[in-house]
Amino acid sequence: MKQPSATVADQAAIADAAAVLEEGGLVAFPTETVYGLGADAENPAAVARIYEAKGRPHDHPVIVHVAPGADLDYWVTDVPEEARKLVQAFWPGPLTLILKRHPQIPDAVSAGQDSVGIRCPSHPVAIALLSAFKGGKGGVAAPSANKFGNVSPTTAQHVRDEFGLDAHDDGALNGDDACSASMLSVVLEGGPSQVGIESTIVDMSRLATHGPVLLRPGHITAQQIADVIGMLPAAPDQAAPRASGTLESHYAPRTPVTMLAADALRTALGNLQAKGIKVAVISHALPALVSAQRKLPAEPVGYAYGLYAALRDMDQTGSDLILVETPPQDGDWMGVNDRLRRSVFGSAGIIDAMLQK
Ligand code: TXA
Ligand code: MG
């Protein structure tokens with residue numbers, strides 16, 4: 001995991017942000033995975049503002065973020081011993097546990113489900129914010145700080161871009177984004193997120209009947225979880241609760257994205273360029289082929305760290321198509337492949353269609 005850069009919010013900015021949360025406002029803040037769009041989890045009106053700002057359907061639950069050492073039993077009930085072991089092993093860190101929701105937790109947070117997602121992030125700014133908010137006893141409901149369906153932000157600038165905010169004039173409005181931006185006036189700086197893809201989500205709420213279920217792969221792998229609890233989390237079945245990050249189309253830039261193995265990518269690129277079609281490339285092994293190209297490390301941790309910034313940057317190149325060199329398929333690459341599969345969803349046949357035009 002990379003360490004955050006020097007540019008981080010100071011104590012005064014963090015105290016101000018905690019006060020905004022306590023008043024029912026929205027705060028975007030860095031976590032080690034991606035930036036979150038936070039609100040007081042115990043204030044249904046504040047949580048409703050998250051959905052409004054993101055344009056997110058109301059049936060998609062949000063994760064509650066808590067400070068290190070928070071009282072788990074305040075937020076959830078029927079906590080199995082295995083869940084406590086995972087907390088012990090991986091918190092603070094990029095692991096979200098789905099557990100039975102305590103009756104006092106508002107419906108708005110869990111979209112009416114009887115479970116709730118809870119996690120303790122490890123980013124120092126997130127920890128400072130959670131520790132300042134309600135004296136460390138509160139919970140901050142926070143999805144990723146992007147418009148629904150878009151690529152998650154891994155820098156404060158990405159958040160400002162998503163919501164049309166200016167860097168040194170928080171709250172400034174740009175056209176269509178005026179409505180959502182006016183609800184979000186605070187973006188805490190924390191440098192680039194160290195992990196770069198969203199937390200691993202494990203459903204531990206139906207352990208006795210279903211065992212642990214991996215709802216979303218991430219930096220913490222299924223094998224690492226198995227090493228702690230002696231059970232390998234299974235892929236979700238049809239009856240599993242909905243997770244918006246598990247919708248088929250998600251994490252998608254505006255430019256269509258498609259994935260090809262190295263040789264097929266070279267061939268397609270040649271054919272597309274011959275037709276005057278502008279192509280951007282995200283590679284990990286291929287050499288430089290086009291001017292709009294981002295080469296990511298050929299190992300999964302470094303690749304995940306750079307993936308979302310690469311998708312955003314290639315989206316800005318004015319290309320007609322983004323071609324991604326298919327990464328290796330083994331277990332450690334599961335989180336990366338899951339996000340890529342969703343950003344390419346719906347692009348099947350797009351190369352043929354472009355060549356036939
Ligand atoms: O790394 C992360 O988890 C980031 C940072 C900000 O913490 N958050 C994040 O939140 O990715 P979001 O809302 O973009 O994705 C959370 C996922 C969603 O797919 C949501 O549906 C799922 O978690 N989720 C939350 N509560 C759930 C529940 N009770 N049952 C099933 N899925 C749940
Ligand atoms: Mg998200």
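This is a predicted model: local features need pLDDT of at least 70, side-chain atom pairs count only at pLDDT 80 or more; totals for chains, interfaces and linings use all residues.
1. Residues are numbered from 1 along each chain as its sequence is written, and chains are lettered from A and ligands numbered from 1 in the order in which they are written. Local features need pLDDT of at least 70 and side-chain atom pairs count only at pLDDT 80 or more, while totals for chains, interfaces and linings use all residues.

2. The protein chain splits into domain 1 (11-246) and domain 2 (257-356), with bounds from an automatic or database domain assignment. Their C-alpha centres are 29 Å apart. Domain 1 gives twelve residues to the contact and domain 2 gives 15 (C-beta atoms, placed from the backbone, within 7 Å).

3. Helix 7 (residues 156-163) is largely enclosed by the rest of the structure, because six of its eight residues are buried (20 or more other C-beta atoms within 10 Å of the residue's own, C-beta atoms being placed from the backbone). The buried residues are Ala156, His158, Val159, Arg160, Glu162 and Phe163. Helices (H or I, at least four residues) and strands (E, at least two) are DSSP runs, numbered from the N terminus.

4. Four strands form an open sheet with parallel pairing, in the order 11-14-12-13 (strands pair if DSSP finds at least two bridges between them). Strand 11 (257-260) and strand 13 (293-295) are the edge strands, each pairing on one side only.

5. Strand 12 (residues 279-283) and strand 14 (residues 321-325) run parallel and are joined by four bridges. Opposite Val324 of strand 14 stands Ile282.

How values were computed
Two residues are in contact if their C-beta atoms, placed from the backbone, lie within 7 Å. A residue is buried if 20 or more other C-beta atoms lie within 10 Å of its own, exposed if 12 or fewer, and partly exposed in between; C-beta atoms are placed from the backbone.
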